[in-house]
Structures are given as C-alpha cells and as structure tokens.
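Visitor: Could you walk me through the side-chain contacts in this one?

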Amino acid sequence: MTNYVGALDQGTTSTRFMVFDHAGNVVALHQREHEQIYPQPGWVEHDPIEIWERTQEVMALALEKAGLTPANLAAIGITNQRETTIIWDRHTGQPLYHAIVWQDTRTDAICNELAQEGGQDRFRHKTGLPLATYFSGPKIRWILDHVPGVREKAERGDALFGNIDTWIIWNLTGGPNGGAHVTDVTNASRTMLMDLATLDWDDELLAVLKVPRAMMPEIRPSSDPRAYGYWQGTPICGDLGDQQAATVGQACFSPGEAKNTYGTGCFMLMNTGREIVHSQRGLLTTLAYQFGDEPPVYALEGSIAIAGALVQWLRDNLRFFDFSHHIEDYAKAVPDSGGIYIVPAFSGLFAPYWQSDARGVIVGLTRYITKNHISRAALEATAYQTREVLEAMEKDSGVRLTALKVDGGMVKNNLLMQFQADILNAPVVRPKVTETTALGAAYAAGLAVGYWQSLDDLRKNWQIDKVWEPQMDAETREKRYRGWLKAVQRSMHWLDD
C-alpha cells in the first residue's frame, strides 16, 4: 500500500529524509550533517559526492526505522539549498569542482564587471534579481573561467550544471545511465538565467554570462504528474527550492500570505499570485511554485544570509557552547543585549541592501558585556533583519501583515520568537509541524499523484502550535531598532577592493 509520501530535504548543513502521512504528520526521519569547506575568506564549498552519499544513507535509514520500503511511498519530493552550484561530467557523474555554496562571495568581481553596463539592476526586469554573488549564474561563470577543461566540456555537452535539486534527481534516477537532467521553476528562478515571464532559459542572459545552453537542465513544474523520473520504482514528481517549499508547507496559497523561515539564513516569502511584482526596495521577485499545468504563482522574497549560521559561528568558531540550543539559556540570563548589536554580514548584506562589500561587526562593546549579552545580540540580529525585510515587503505589496507564520530550526527558541513579535509589533505564529520545508516538498509530490486532491486538503492540515503577542512598549521598540539601523551602517563598504 502506498500510504505515505517521502521528502528529501538537502540543506546547507545537513541532508534528511522524512516520510509524511495524509494528515502531514512525520512518520519517519533520518538526518546527517555534511562538511562545510572554507578554502579562503569568503569562499564556501560542499563536496557533492558527500551530499549524494548522505542522500542515499538518510533515505535508506528513514525507511528502515519505520519498517517501510520504497513501495510504501506514493511519491517523493525534493527540496534543496538554492543557488548552490555544481558542474559534473555527464558520462562519469564526477563533479568537476566542489559545489560553490550560495553564501560564497568569490564572484564579486564578475558581478561588478556585469554591472558596469546597466548597474546592479541590469537583469532585474527579466529575472527579478539584482546582480549579486548569491545567485548561480556568476558561480557557473567562475567555474567555467577558472577550472581547466570545464568550459570545453560544457560546450561539447559533456558537462552538466545543476543546483542541488538537479544533482540529486539526476543521481536518484540513474546518473550516467539515463538520469533525468531537470530542475523546477523555483530553482531555475534563482540562477539569474531564467526569464520570469517565459519560464525558460534566456539566450541573452546565457550569452552575457558566457554559459553554454547545452549544460542547462530542462525546466519543469514544481509538482509534475509526468514525474521527473523514478527511484526504485517510486515517482519523483515534486521539486522546490527550500524557501518555496516552506511557503507551500505553510499553506501560503493566497496572495498576501507570507512566511518566514529561520534556518542557516532567514527568508521571508509573500505570495503575490499570478502577478510578477517588481520590488522597489531591495526584495527579490521569484517563483513561488507551479503545480502541473496551472499558471505559475510568483512571490516577493527578502533574503537574509546569516541567521542560524551566526549561532553556529558562536558554537564552532568561538566555542561559546556545545549545542546550538544552549544559546537560549545564555541569552535568557540577561534582560537585554547591554546595548550591543551584531550585524552578521559574513557574506555581505543581502536584502534590502545588497552590499557585497559589507562585513560583520559587533558594535557598542563595553567592559560590562558578557557572553550572555553577545548570545542575546546574536538572536536579536535575526529579528531586526526580519523587520527590515518585512517593512520593505509591506511597502512593495501594499499589504499590511496581520501575523507572521514562522518555521525552521530557530523557531523552537521561545526568547527569539517573543523578541520577534516585540520588534515587529505583530503576532508571530508557529505551526504544529515546524519542518515545513520537507512538508512542502511532500505536498508538491503528493498533489502530482493525487495523494492529496486539492490545496484545501493542505490548508486543513495546517494547525497552530503557539502564538507570541507583542509585549514591548513602542518607545523601547523604536529606540532599539534605531540602534540596529545605525549598526548596519557601520558594516557597509568595509572591503576596499
């Protein structure tokens, strides 16, 4: 009996496979972290082979834990860290370079070169994106320009490009032996090479970035009844970038509905319906999803590079604590941050500034400050960044959010969620199932095969776990936010070259 749907969630720091039932409950889960590779300042890489090995491991062990086989799954969905770029040999399946991760800033010179004609918004009318190191296109160009022999292979059609979803699907469906070389509209919209209106690779953009069309995957809907291919007889027919998957998992199916995911980075998406809304305030215009033959649904997105990654930095680099969740205990030991702010511009500033020459700062330090204050300031940084994005989103869309749906690993931190409600002056709502990224991928796959019949089925599954109401007075809120904006200015234009 095909009683369940599986979802592979390949994230920035780990890979997991989850099995869901019809009510959206988690039936099985297995997760493994993978290595973060930092060859030099600003560079971030992953080993694609390690990610593929983790993928096979978590899928097998999650099913084994629950006493299931692939035959028990009606379908499988994939969700993934977006923009992370892999180029591999079509015939051997071997990566031709490490995966260049979305946080990596090595393409700054390429982006500056492209901006000399038309500025940072040169391609925004087609792609919805500013020129920034964040996106896949410049990363492809860097590999083609810097790794010997790759450009020649790409022009012959012997090298394939993919974000992580494409790499995983290709391997799951056969790899060198007929693997499907596909992506979906959400992942394609993060490359800076797809036209938002046509949902196809744009010849002008490919030419400007010097990327051969032969290496690009086929673009398919996010939920596709035709299936991208099969894994041990089970159809793989859902594919969504992680933030779009969380939007689907939060059942944000109506224009104006929004969610915020607190993970390695922090990402807010607002559904804008069938309309392409171009931001005037530093947000991204992106695909929210496309289900089957239905027209695509678009979104505005505010992307924050560093959220949970700041907590990991305190844990791994500064050895503040052994486990990330301990940060809440330290932060609760003080009533406030003692007047300090941390601006975690480790990869530059993303929305709404797009300043790749910014770098992280801690400001306001005095002898009074302890590890507890720094821990609290690290959590507050995520909430302040979210307010900046939300204000831009409200102005661009003309919609005032009445409540913010939240998900991701950091929403278990009650202190952060209360401070988020306080600094936004709006309720923050956590659903019962907070792992909405994997759930969204499962929904996309299940809709494709009729496991769920309609969006109403998915809306019924969404249930509230907890709501945080704002408690901070207006004067304190605005004083602290002014301090944050001042700190952000201190982080800008740090790099001279």
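Guide: What follows goes through aromatic pairs, charges over rings, cysteines and salt bridges. This is a predicted model, in which local features need pLDDT of at least 70 and side-chain atom pairs count only at pLDDT 80 or more, while totals for chains, interfaces and linings use all residues. Residues are numbered from 1 along each chain as its sequence is written, and side-chain values use heavy atoms, with hydrogens and water left out.

Visitor: How many aromatic pairs does the structure hold?

Guide: There are 23 aromatic pairs, where rings of Phe, Tyr and Trp (its six-membered ring) pair if their centres lie within 6.5 Å, and planes under 30 degrees apart count as stacked, over 60 as edge-to-face and the rest as tilted. One of them joins Trp 167 and Trp 170, which are stacked at 6.5 Å centre to centre with 15° between the planes.

Visitor: Where do Trp 167 and Trp 170 lie?

Guide: Both are in helix 6 (residues 164-172), 3 residues apart, about one turn of the helix; helices here are DSSP runs (H or I, at least four residues), as are strands (E, at least two), numbered from the N terminus. Trp 167 and Trp 170 are both buried, a term that means under 20% relative accessible area, with exposed over 50% and partly exposed in between (1.4 Å probe, protein chains only).

Visitor: Which rings does the charged end of Arg 106 sit over?

Guide: It sits over the ring of Trp 43, 3.7 Å from its centre, and over that of Trp 142, 4.6 Å from its centre; the rule asks for NZ of Lys or CZ of Arg within 6 Å of the ring centre and within 35 degrees of the ring normal.

Visitor: Switching topic, how many disulfides are there?

Guide: The count is 0, a disulfide being a pair of cysteine sulfur atoms within 2.5 Å. For Cys 252, the nearest cysteine sulfur, that of Cys 266, is 14 Å away.

Visitor: And what about salt bridges, how many come out?

Guide: The count comes to 36 salt bridges, each a side-chain nitrogen of Lys or Arg within 4 Å of a carboxyl oxygen of Asp or Glu. Among them, Arg 82 and Asp 242 meet at 3.4 Å, N to O, and this pair links distant parts of the chain, with Arg 82 in the loop between strand 5 (73-80) and strand 6 (85-89) and Asp 242 in helix 9 (residues 242-249), 160 residues apart.

Visitor: Is Arg 82 buried or exposed?

Guide: Arg 82 counts as buried because its relative accessibility is 2%, and Asp 242, at 13%, also counts as buried.
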